[in-house]
Amino acid sequence: MSSKLLEYHSFVPTVRQDPLLGSSETFNSFLRRAQQETQQVPTEEVSLEVLLSNGQKVLVNVLTSDQTEDVLEAVATKLDLPDDLIGYFSLFLVREKEDGAFSFVRKLQEFELPYVSVTSLRSQEYKIVLRKSYWDSAYDDDVMENRVGLNLLYAQTVSDIERGWILVTKEQHRQLKSLQEKVSKKEFLRLAQTLRHYGYLRFDACVADFPEKDCPVVVSAGNSELSLQLRLPGQQLREGSFRVTRMRCWRVTSSVPLPSGGTSSPSRGRGEVRLELAFEYLMSKDRLQWVTITSPQAIMMSICLQSMVDELMVKKSGGNIRKMLRRRVGGALRRSDSQQAVKSPPLLESPDANRESVVKLSSKLSAVSLRGIGSPGTDASASDVHGNFAFEGIGDEDL
C-alpha cells in the first residue's frame with residue numbers, strides 16, 4: 001500500500017501572503033483564473049442554485065468568474081441578510097444522497113469559483129448549501145437579533161433535528177413542537193442550544209480504531225470536539241468525545257492499495273484512494289494516544305478541527321468573529337434585486353421510534369479500553385503534522 005501526506009485543510013491549496021506575488025488577493029486572482037481556464041469556462045452571466053439547510057432553493061444571478069465571497073454576498077442580498085452577518089455563514093459543497101440527506105464534501109474556499117466547482121463535477125448529486133460557519137452557540141445571539149438571521153438558524157436547527165443530528169428525548173421533542181406551534185422561534189432555539197449535538201456537523205458512517213480496530217462509528221464535529229458514536233459488541237449505542245484542546249496534533253493521509261502481487265504498474269488498475277484522519281490525543285496525564293478515523297470525509301473533518309481551533313484562539317485573544325466581506329473595486333455583480341424570504345419549516349414530526357438513545361461514555365474515555373496503536377503509518381517528522389495552538393495539558397485535578 002502506497003501512501004502520502006495530504007494538506008490537512010482542503011482539496012485546494014491554501015492561500016497565504018506571498019511577497020513574490022504581492023498579496024493574497026493577487027494569488028486569489030491567479031487561482032481563480034487557473035480554475036476557470038482549466039475547466040474552459042467562459043466568463044458569462046449564469047443562474048446558480050444555492051440551497052438552505054431545509055432544502056429551500058435560492059436562485060442568484062452571478063458570473064461564472066465570481067468567487068465564493070461574491071456568491072455568498074449575492075445570496076445574502078437575495079435573502080436580505082445584513083452585510084455584518086454575512087461572515088457568520090459559509091457555502092459548502094455537498095453531495096445529496098438518495099434519501100435526501102446531505103453528505104458534506106468541503107467548505108468552499110474564498111478564491112474558488114462556486115459555479116465552476118459544482119458544474120465541473122458533472123453530476124446532479126452535487127449542490128451548494130448555505131449553513132452557519134461558526135461553532136460556539138454564544139454567537140447565535142448576534143445572528144438572532146436579525147429577522148433573516150433568526151429564520152436561517154431556525155430552519156437549520158429544525159432540519160438537523162429531523163435528520164437526527166441533534167439528540168432529542170421525547171419530552172424535549174414535545175416542548176420543541178409546542179414552541180413551534182406558538183411560532184416562538186427564539187425560545188425554540190434557546191431550548192435547542194441545550195441539546196446534545198446542537199450546531200454539530202455530522203458525517204457519514206465510517207470506521208475508526210477506537211475502541212478497537214475496524215470499529216464502525218458515526219463522527220460529528222461541534223462544540224470544540226469530535227464525537228464518535230459507536231456500538232460495542234452486545235451493548236447499546238455509545239458515545240465518546242475528543243476535545244480539540246487535548247489534540248496535540250493531527251494529520252490527513254491518503255493511501256492507495258497496490259494491485260495483487262504488490263507491484264505498481266501503469267497497466268494495472270489501482271484501488272480507490274483511502275483517506276485517514278489521525279490525531280494524537282492526551283488521554284490522561286503524561287499519556288498521548290493516536291486515534292485514526294478512516295473516512296472519505298477525512299479532509300472535511302480536518303477542516304472542522306482547524307476552524308474550531310481558530311475560533312478558540314480568536315476568543316482567547318479577546319477578538320470577535322464578526323467580519324464584513326471585502327467589496328472589490330470594479331466588476332459589480334449582476335443580480336436580481338428581488339428578495340426572497342426564508343420559508344418556515346413544517347412542524348417537527350413525531351420522534352422515530354427506532355432511533356436509539358445514546359449512552360455517554362466517560363469524559364475521560366475510561367469506560368473503553370483503548371488499543372495502543374502508536375503513530376499511524378511510518379514515523380512522521382514535525383513537518384508532517386499540524387500542531388494545535390489550542391492544545392492544553394491535563395492537571396492532576398482533571399484526572
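Me: At roughly what angle do the axes of α5 and helix α7 cross?
Reply: The model is predicted: local features need pLDDT of at least 70, side-chain atom pairs count only at pLDDT 80 or more, and totals for chains, interfaces and linings use all residues. Residues are numbered from 1 along each chain as its sequence is written, and side-chain values use heavy atoms, with hydrogens and water left out. Axes are lines fitted to C-alpha atoms, for helices over the stretch in contact, with angles from 0 to 180 degrees between N-to-C directions. The axes of α5 and α7 (residues 185-192) come within 10 Å and cross at roughly 50 degrees.

Me: Are α5 and α7 parallel or oblique to each other?
Reply: Angles under 35 degrees count as roughly parallel, over 145 as roughly antiparallel, 65 to 115 as roughly perpendicular and the rest as oblique. The crossing of α5 and α7 is left-handed, meaning that the near helix is turned anticlockwise from the far one by less than a right angle. L150, N151, L153, Y154, T157, V158 and I161 of α5 make the contact (heavy atoms within 4.5 Å) with K185, K186, F188, L189 and A192 of α7. The two helices, α5 and α7, are therefore oblique.

Me: How many residues of α5 are buried?
Reply: Helices (H or I, at least four residues) and strands (E, at least two) are DSSP runs, numbered from the N terminus. α5 covers residues 147-163 and reaches 24 Å from its first C-alpha to its last, close to the 24 Å expected at 1.5 Å a residue; the expected span is 1.5 Å times one less than the number of residues. Buried means under 20% relative accessible area, exposed over 50%, partly exposed in between (1.4 Å probe, protein chains only). α5 is largely enclosed by the rest of the structure, so the buried count is 14 of the 17 residues.

Me: Which residue follows α5?
Reply: At the start of α5, a side-chain oxygen of N146 reaches to within 2.9 Å of the backbone nitrogen of V148. After α5 comes a residue whose phi is positive, near 90 degrees: G164.

Me: How do α6 and α7 lie to each other, roughly parallel or roughly antiparallel?
Reply: Helix α6 (residues 170-181) and α7 have axes 8 Å apart, at an angle of about 160 degrees. Q172, Q175, L176, L179 and Q180 in α6 meet E187, F188, L191 and A192 in α7. The crossing of α6 and α7 is left-handed. The pair α6 and α7 is therefore roughly antiparallel.

Me: What do the buried residues of α2 pack against?
Reply: In helix α2 (residues 68-79), 11 of the 12 residues are buried, so α2 is largely enclosed by the rest of the structure. D80 follows α2, with a positive phi near 70 degrees. The buried residues of α2 pack against β2 (45-51), β3 (57-63), β4 (89-96), α3 (114-119), β6 (126-132) and α5.

Me: Is K343 buried or exposed?
Reply: K343 is found in the loop between α8 and β15 (359-360). K343 touches N54 and Q56, not counting residues up to four places away in sequence. The C-alpha atoms of K343 and L52 are separated by 9.8 Å, yet 291 residues apart along the chain. At 58% relative accessibility, K343 is exposed.

Me: Is S302 buried or exposed?
Reply: S302 is placed in helix α8 (residues 298-316). S302 and A221 are 9.9 Å apart, C-alpha to C-alpha, and 81 residues apart in sequence. With 0% relative accessibility, S302 is buried.

Terms used
A polar contact is a pair of N or O atoms within 3.5 Å; within protein, one must be able to donate a hydrogen and the other to accept it, and residues adjacent in sequence count only if both atoms are side-chain atoms.
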